[in-house]
Amino acid sequence: MSATVVQYVFKPNPGANLQELLALIKEAAEMWRKHGADVSLWNVQVGEVGNMTFVVRCESASQLGSTLDALNGDPNFVAWRARNLQAGLASWVRSNQAYEIAI
């Protein structure tokens, strides 16, 4: 069985309130889960130290697509995006999408 993951890599902005940032991340995680994804948050310890990664895992690319369609149609997520941008607590670094290869 293969899986698809998306990594949203970001860096907290200097002086950002990390408790507020984590509250926003937890809120987003609840919405992703509601729409079918497994999510986790990672703190980079080697390499790009200080970056964080919000990881979304789905059973397939098809499930990821369905999850994204549902999420983007959710008015609560649209409102969350606006609040997240307005808060200015973190800056986007990159995003990666990958699929698992069964070996």
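**View 1. Y99 sits in strand β4, which covers residues 90-99.** Strands here are DSSP runs of E with at least two residues, helices are runs of H or I with at least four, and both are numbered from the N terminus. This is a predicted model, where local features need pLDDT of at least 70, side-chain atom pairs count only at pLDDT 80 or more, and totals for chains, interfaces and linings use all residues. Residues are numbered from 1 along each chain as its sequence is written, and side-chain values use heavy atoms, with hydrogens and water left out. Y99 has a relative accessible area of 63%, so it counts as exposed (exposed is over 50%, buried is under 20%, and partly exposed is in between, with a 1.4 Å probe and protein chains only). Together with I101 and I103, Y99 makes a nonpolar surface patch with about 480 Å² of accessible area. Such areas come from the Shrake-Rupley method with a 1.4 Å probe, and for residues only the protein chains shown count as cover. A patch takes residues with over 30% relative accessible area and no salt bridge, joining like charges within 9 Å and nonpolar side chains (Val, Leu, Ile, Met, Phe, Trp, Tyr) within 5 Å.

**View 2. T4 is tucked away in strand β1.** That strand spans residues 4-12, and T4 is buried, at 4% relative accessibility. Its side chain gets to the backbone nitrogen of A61 at 3.1 Å. T4 also has contacts (heavy atoms within 4.5 Å) with residues including V56, R57, L64 and Y99, leaving aside those up to four places away in sequence.

**View 3. E27 and R83 pair up in a salt bridge.** The term means a side-chain nitrogen of Lys or Arg within 4 Å of a carboxyl oxygen of Asp or Glu. Here the closest N and O atoms are 2.3 Å apart. E27 belongs to helix α1 (residues 18-34) and R83 to helix α3 (residues 75-87), so the bridge ties together parts that are 56 residues apart in sequence. E27 is partly exposed at 29% relative accessible area, and R83 is partly exposed at 35%.

**View 4. R57 meets E100 in a salt bridge.** The closest N and O atoms of this pair are 3.7 Å apart. R57 comes from strand β3 and E100 from the segment after β4, which links distant parts of the chain, 43 residues apart. R57 counts as partly exposed at 38% relative accessibility, and E100 does as well, at 39%. The structure holds four salt bridges.

**View 5. Zooming out, the chain has three helices and four strands.** From the N terminus, the order is β-α-β-β-α-α-β. The C-alpha atoms fill a box of roughly 45 × 35 × 15 Å along the principal axes. Buried residues account for 30% of the 103 residues. Of the contacts between residues at least 6 apart in sequence, 74% join residues at least 24 apart.

Conventions:
A polar contact is a pair of N or O atoms within 3.5 Å; within protein, one must be able to donate a hydrogen and the other to accept it, and residues adjacent in sequence count only if both atoms are side-chain atoms.
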